[in-house]
Amino acid sequence: MNNDELKNIWQKIDFNKSEDFELTEDNIVEMLEGRTYDIFSRISKNVKIGFWILGAYIVIIALSYYHAYFTTDSVMNDISGKYFLALLDVLIDGFIVVTFIYFVVKYNRIDKAAISHSNLKSTISEVIKILSTYKKLFYYGFTIGALGFVFGFIVGVQKGIEIAAEEYGAARAAEFPEIRIYVITFLIGLALIGGILFTVHFFFKKLYGKYLIQLQECQTELIEAE
Amino acid sequence: MNKEFLKIATENQNLLRKVCNTFCNDEDDRKDLLQDILIQLWKSYPTFRQESKVTTWMYRVALNTAITRYRKVKSKPESRSISDSEIEIITRDRSFEQKEQIDNLYKAINKLSDVEKSIILLYLEDYNSDEIAEIVGISSNYVRVKVNRIKSKLKEYLEKIYE
């Protein structure tokens with residue numbers, strides 16, 4: 001089979017031949033009202049869900065700040081350096097919120113319609129860039145959040161040990177050398193961070209991992225050898 | 001709804017069908033892709049400034065949509081992207097030999113990568129290297145290199161089928 005034969009065969013394919021395939025104006029109008037499966041619709045949906053989660057998160061942290069730092073019965077009142085901890089909390093939570101808002105602003109600035117009718121190479125590059133930014137900020141947010149959570153856990157363990165020492169007396173407290181407690185707490189903290197990051201990585205890879213790899217393979221194919 | 005857009009879409013539905021059949025392996029997937037392409041065409045229609053041919057613009061949007069569409073990877077790819085009934089219908093007035101040729105061509109095209117499918121689709125639709133280069137975003141020289149490589153691959157696949 002030679003090259004002309006390939007074209008000859010292809011030219012014989014004509015979907016207009018059959019009414020079964022006819023696309024009418026009514027069909028088109030109906031389709032335009034349907035949902036789309038493009039990556040931008042998917043990310044837009046995730047952004048909307050993200051805003052709801054962010055709203056709930058802000059309410060929860062506002063209530064916990066109020067209880068921790070502005071009520072008299074909070075255990076934080078007994079912790080020295082509580083204002084330093086408060087600052088750390090605000091920085092961590094602030095980072096998570098800013099990271100999300102930064103992505104939303106950047107994402108909304110993209111002219112998605114223009115991307116769809118650019119050439120194939122540009123389109124693939126833009127989609128990879130957006131998804132890579134999304135991935136980076138997603139991981140930053142969860143990493144910092146995980147560090148904040150573990151830091152809070154370590155402070156909580158320390159305070160718990162102090163309270164136990166007061167309750168059971170100094171002699172009993174001496175059975176638990178401080179250094180051992182710090183090491184155990186640190187290792188548990190490390191395991192928790194590892195667990196959280198592994199879970200985040202697993203879910204992101206499940207959602208977008210293969211898709212990103214496919215796009216990167218297409219991009220590589222379009223790179224011309226020097 | 002913009003009458004001009006609807007007219008363009010219905011007049012060029014053969015183009016849309018060919019893209020969907022090249023990139024999808026089952027009927028539901030083809031319907032979804034067709035819908036996605038129409039939606040993307042509709043969204044980018046206001047910015048279409050008639051700087052290129054309508055069909056060039058449609059191919060650009062259709063191929064971008066087909067390749068960047070989020071989809072789950074199928075574990076077992078079908079042997080070709082078009083069903084028996086569709087082959088029957090589109091080759092209704094053709095001889096048995098021609099039907100077999102079309103069937104085998106689709107089987108061979110299905111083995112290509114997405115980028116290769118895009119390039120060969122445009123080549124088979126009689127676009128020259130410069131036009132293909134503009135749509136795909138590579139140089140005309142590289143288009144010629146890619147087309148030759150893809151044609152060799154297709155020949156190899158078709159020879160295996162005919163053995």
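**Exercise 1. The surface and fold of chain A**

*Solution.* The model is predicted.

Step 1. Chain A exposes about 14100 Å². Carbon and sulfur atoms supply 65% of that area.

Step 2. Take the secondary structure. Along the sequence the pattern reads α-α-α-α-α-α-α-α.

Step 3. Turn to burial. Chain A has 226 residues, and 33% of them are buried.

Step 4. Look at contact range. Take the contacts in chain A between residues at least 6 apart in sequence: 81% of these join residues at least 24 apart.

**Exercise 2. A nonpolar patch**

Find the residues that make a nonpolar surface patch of about 500 Å². Classify Ile179(A) as buried or exposed.

*Solution.* Step 1. The patch is made by Ile179(A), Val183(A), Phe186(A), Leu187(A) and Leu190(A).

Step 1. Apply the cut-off. Exposed means over 50% relative accessible area. Ile179(A) has 61%, so it is exposed.

**Exercise 3. The contact between chains A and B**

Describe the contact between the two chains: residues, buried area and polar links.

*Solution.* Step 1. Count residues. Chain A gives 55 residues to the contact and chain B gives 70.

Step 1. Take the area. About 6100 Å² is buried between chain A and chain B. Carbon and sulfur atoms give 63% of it.

Step 2. Count the polar links. There are three salt bridges between the chains. Polar contacts join 19 residue pairs, both residues at pLDDT 80 or more.

Step 3. Name the elements. On the side of chain A that touches chain B, two or more residues each come from α1 (3–11), α2 (25–32), α3 (39–70), α5 (112–116), α6 (120–168) and α8 of chain A. Of these, α8(A) gives the most, with nine residues.

Step 4. Pick out salt bridges. Glu221(A) pairs with Lys146(B), the closest N and O atoms being 3.3 Å apart. This pair crosses from helix α8 of chain A to helix α9 (residues 140–162) of chain B. Both Glu221(A) and Lys146(B) are buried. Another salt bridge joins Asp126(B) to Lys7(A), at 2.9 Å from N to O.

**Exercise 4. Salt bridges within chain B**

The structure holds eleven salt bridges over all chains. Locate the partners of Lys18(B) and Lys53(B), and state how exposed each residue is.

*Solution.* Step 1. Lys18(B) meets Glu125(B) in a salt bridge, at 2.9 Å from N to O. Lys18(B) is in helix α2 (residues 13–23) of chain B, while Glu125(B) is in the loop between α7 (114–124) and α8 (129–136). The two residues are 107 residues apart, and the pair links distant parts of the chain.

Step 1. Classify them. Buried means under 20% relative accessible area. Lys18(B) has 4%, so it is buried. Glu125(B) has 22%, so it is partly exposed.

Step 2. Lys53(B) meets Glu131(B) in a salt bridge, at 3.8 Å from N to O. Glu131(B) lies in helix α8 of chain B, and Lys53(B) in the loop between α3 (27–44) and α4 (54–68), so the pair ties together parts 78 residues apart in sequence.

Step 3. Classify these too. Glu131(B) is partly exposed at 23% relative accessible area. Lys53(B) is partly exposed at 46%.

Technical notes:
Residues are numbered from 1 along each chain as its sequence is written. Chains are lettered from A and ligands numbered from 1 in the order in which they are written. This is a predicted model: local features need pLDDT of at least 70, side-chain atom pairs count only at pLDDT 80 or more; totals for chains, interfaces and linings use all residues. Side-chain values use heavy atoms; hydrogens and water are left out. Patches are made of residues with over 30% relative accessible area and no salt bridge: like charges are joined within 9 Å, nonpolar side chains (Val, Leu, Ile, Met, Phe, Trp, Tyr) within 5 Å. Accessible areas come from the Shrake-Rupley method with a 1.4 Å probe; for residues, only the protein chains shown count as cover. A salt bridge is a side-chain nitrogen of Lys or Arg within 4 Å of a carboxyl oxygen of Asp or Glu. Buried means under 20% relative accessible area, exposed over 50%, partly exposed in between (1.4 Å probe, protein chains only). Helices (H or I, at least four residues) and strands (E, at least two) are DSSP runs, numbered from the N terminus. Contact means heavy atoms within 4.5 Å. Buried area is the accessible area (1.4 Å probe) that two parts lose on being put together, summed over both. A polar contact is a pair of N or O atoms within 3.5 Å; within protein, one must be able to donate a hydrogen and the other to accept it, and residues adjacent in sequence count only if both atoms are side-chain atoms.
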